[in-house]
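Let's take a walk through a protein model together. Keep the picture in view and find each spot as we get to it.

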Amino acid sequence: MSLINYPSFLSKEHIESEVEKILERMRSTPQYVPTFPLDPQRVADFLDLTVVWDTIPPDTDGQIAARILPLLRQIEINEAIPELRGGFGNSTLAHEIGHWILHINHNEVDGSSKQQTLDLGLEDIQPFLCRSISAQQGIEWQAQYFAGCLLMPRYILKDVAQGRKLTKWKHLYAMAEDLGITISNLKNRLQDLGWINIPNGSRQIYPGRSSPTGQINLLD
């Protein structure tokens, strides 16, 4: 069995459920009770993951944004890519935690770690490579959706949205600042939830999922 899973499809409901399981476990652990804006480093610590910012050289297939070394329980983020710093930092780490939860076979990791401890001569195991956090397909989409759910759970979004109009950019920017995320992350999350709709190439924000005359329903 491989250390890495490549599921062709994971539903939004499944991914959101995986996030809620982690948050619930954190709520039950006094020193890790989640607070918002959420620091994903706190989540990594809770999951016993080491996070390292380091230079990751490109390979023959191009630039590598980050990689996971499963047996070391380590996430490495490429500090040589400036775009991964600043406002993208939280999203980047949350994205890699998503890969850890959704795409790493934890039972196999535990078994292989024990074998290595016994020095049974296992060959070096290749890391899990993440080339672009902006990709919106396949496992990259799955990890990015996980990151959005982790940094912006529905119940937190409802709290932050109180007294604000989701069709006003200045209100969205204020919400993004409160949540410690980028405006792009917030926009994508709200559109995924169907709370707003911004047609491609437009700056106009419409309430609801698809119709310019749709209604915002924060209780969905």
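Start in helix H1, which covers residues 12-27. Glu-18 and Lys-21 sit three residues apart in this helix, so about one helical turn separates them. Helices here are DSSP runs of H or I with at least four residues, strands are runs of E with at least two, and both are numbered from the N terminus. The two side chains form a salt bridge, with their closest N and O atoms 3.1 Å apart. That term means a side-chain nitrogen of Lys or Arg within 4 Å of a carboxyl oxygen of Asp or Glu. The idea behind it is simple: side chains of opposite charge can pair when their charged atoms come close.

Before going on, keep in mind that this is a predicted model, where local features need pLDDT of at least 70 and side-chain atom pairs count only at pLDDT 80 or more, while totals for chains, interfaces and linings use all residues. Residues are numbered from 1 along each chain as its sequence is written, and side-chain values use heavy atoms, with hydrogens and water left out.

Now look for Glu-76 and Arg-67, whose side chains meet in a salt bridge at 2.5 Å from N to O. Glu-76 is buried, with a relative accessible area of 8%, and Arg-67 is partly exposed at 24%. Salt bridges can also share partners, and that joins Glu-16, Arg-154 and Arg-189 into one network. How many salt bridges does the whole structure hold? A search finds eleven.

Next come the rings. The structure has five aromatic pairs. To count as a pair, rings of Phe, Tyr and Trp (its six-membered ring) must have centres within 6.5 Å; planes under 30 degrees apart are called stacked, over 60 edge-to-face, and the rest tilted. One of the pairs is Phe-36 with Tyr-155, which is edge-to-face, at 6.3 Å centre to centre and 85 degrees between the planes. Phe-36 lies in the loop between H1 and helix H2 (40-46), and Tyr-155 is in helix H6 (residues 154-161), so this pair ties together parts that are 119 residues apart in sequence. Phe-36 is partly exposed at 22%, and so is Tyr-155 at 34%. Another pair, Trp-169 and Tyr-173, is tilted: 6.3 Å centre to centre, with 45 degrees between the planes. Trp-169 is buried at 18%, whereas Tyr-173 is partly exposed at 42%.

H7 (residues 169-179) meets helix H8 (residues 183-192) at an angle of about 110 degrees, with the axes 9 Å apart. Axes are lines fitted to C-alpha atoms, for helices over the stretch in contact, and angles run from 0 to 180 degrees between N-to-C directions. H7 and H8 are therefore roughly perpendicular. (Under 35 degrees is roughly parallel, over 145 roughly antiparallel, 65 to 115 roughly perpendicular, and the rest oblique.) Among the residues in this contact are Trp-169 and Tyr-173 of H7 and Leu-186 and Lys-187 of H8, where contact means heavy atoms within 4.5 Å.

Finally, go back to Phe-36. The peptide bond from Phe-36 to Pro-37 is cis, with omega near 10 degrees, and Pro-37 lies in the loop between H1 and H2. For background, most residues other than glycine have a negative phi, and most peptide bonds are trans. Asp-48 has a positive phi, near 60 degrees. Asp-48 sits in the loop between H2 and strand E1 (50-54) and is exposed at 53%.

Technical notes:
Buried means under 20% relative accessible area, exposed over 50%, partly exposed in between (1.4 Å probe, protein chains only).
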